[in-house]
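Biologist: Hello! Could you give me a close look at one part of this model, namely the pairing of strands and the hairpins?

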Amino acid sequence: MLVQLRKHQSPAVQITVGELTLEPALHRITVCGKEPSLTAREYRILELLMKNPTKIFSKQEIYESAWDSYYMGEDKTINVHISNIRQKLRRYTEQEYIETVWGIGFRMTQA
C-alpha cells in the first residue's frame, strides 16, 4: 500500500517593525538582514512585543509569556533580558526598538 503525504503549506507570515523582521514559522528574527544570537527567552520576549507593537506589556505579562510560569516578582529578570536584547540589536542598528514605559512596562518603540 502506497501512502502519499502532502504537506499543507500556508503562506509565510512575517512581521516587520523598522529593520526588524520576525518569521515565527522559522523561529527567526533578523535585524538589517542579520540574525542576532538570541536565547529562547529573549526570542519569546521580542516575539511578544513585535506581534503586539502598540501594546504596553507589564513585567508580569512578559514573564508569564516567556517563561510559561506565574510571575513571582522577578523584577530584575525582565530588566536584564530586555537589556540583553537591546545590546544584541544594537550590534546591527542604532535604532532603539524596545521602549520602557516607566511604572508600566515595555513596548515596541513607535517610530
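Modeller: Happy to: two strands pair if DSSP finds at least two bridges between them. This is a predicted model, in which local features need pLDDT of at least 70 and side-chain atom pairs pLDDT 80 or more, while totals for chains, interfaces and linings use all residues. Residues are numbered from 1 along each chain, and side-chain values use heavy atoms, without hydrogens or water.

Along the sequence they follow the pattern β-β-β-α-α-α-β-β.

Now to strand β2, residues 20-23. On one side, β2 is joined by three bridges to strand β1 (residues 15-17), and these two run antiparallel. Within that pairing, I15 stands opposite L22 of β2. Two residues lie between the strands of the β1 and β2 hairpin, where G18 takes a positive phi near 60°.

Strand β2 also pairs with strand β3 (residues 28-31), through four bridges and again antiparallel. Here T21 faces T30 in β3 as its opposite residue. The hairpin of β2 and β3 has four residues between its strands, and H27 takes a positive phi near 55°.

What about the side chains of β2? L20 and L22 point one way, T21 and E23 the other way, yet all four are buried (under 20% relative accessible area, 1.4 Å probe, protein chains only). Across the protein, 32% of the 111 residues count as buried.

Notes: Buried means under 20% relative accessible area, exposed over 50%, partly exposed in between (1.4 Å probe, protein chains only).
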